[in-house]
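I opened this entry to record what I looked up, starting with overall size and ending with the strands.

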Amino acid sequence: MCAPGAIAALYTGVVMSCLFCKIVEGDIPSTPIFEDDLGYAFADINPQAPVHVLIVPREHIPSLIDTDQSRRALLGHLLWAAAEIARNKGLANGYRIVVNTGEDGGQSVDHLHLHLLGGRPMAWPPG
Ligand code: 5GP
Ligand code: ZN
């Protein structure tokens with residue numbers, strides 16, 4: 001069994017190597033869209049729509065797979081933040097929120113994030 005100190009060190013290593021943790025900390029530059037005590041939103045570097053914003057929790061959570069009951073309020077808050085950003089961006093005609101989750105979900109960055117996509121009609125089904 002791992003000692004608590006070893007687990008803490010492992011966790012610190014994961015956070016220190018996480019791209020979105022570095023963006024949240026300002027160690028990697030990003031274009032800020034919204035921020036508060038729980039979350040940070042920034043422009044996607046490779047936009048798939050005229051509006052493409054990523055909304056992330058400040059805390060390192062790898063994916064939706066890793067959320068238990070204790071995360072309910074935070075998840076609701078992130079969804080609210082996405083809707084608020086959409087309002088501020090004038091997306092009154094609609095938009096799409098995507099949370100790619102895990103390998104099958106096509107998640108490429110292992111720090112929970114919501115994609116807010118808007119400014120053009122969206123197709124269905126997704127690939
Ligand atoms: P995923 O595929 O995990 O759902 O989404 C990851 C997103 O992060 C992609 O849309 C990708 O363009 C974006 N991304 C990857 N690296 C960076 C970066 O360094 N800066 C920003 N702003 N976005 C990034
Ligand atoms: Zn992280």
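I checked the size first: a compact globule of 127 residues would have a radius of gyration near 14 Å, and the protein has 15 Å, which agrees. That radius is taken over C-alpha atoms, and the globule rule is 2.2 Å times the number of residues to the power 0.38. The model is predicted: local features need pLDDT of at least 70, side-chain atom pairs count only at pLDDT 80 or more, and totals for chains, interfaces and linings use all residues. Residues are numbered from 1 along each chain as its sequence is written, while chains are lettered from A and ligands numbered from 1 in the order in which they are written.

I looked up the extent next: the C-alpha trace spans about 55 × 30 × 25 Å along its principal axes.

I then listed the elements and found 3 helices and 5 strands. Their pattern along the sequence is α-α-β-β-β-α-β-β. Helices (H or I, at least four residues) and strands (E, at least two) are DSSP runs, numbered from the N terminus.

I turned to the sheet. It is open, has 5 strands in the order β1-β2-β3-β5-β4, and its pairing is antiparallel. At its edges are β1 (32–35) and β4 (95–98), each pairing on one side only. Two strands pair if DSSP finds at least two bridges between them.

Last, I followed one pair. Strand β3 (residues 51–57) runs antiparallel to strand β5 (residues 114–118), and 5 bridges join them. Which residue in β5 stands opposite Leu-54? I found His-115 there.
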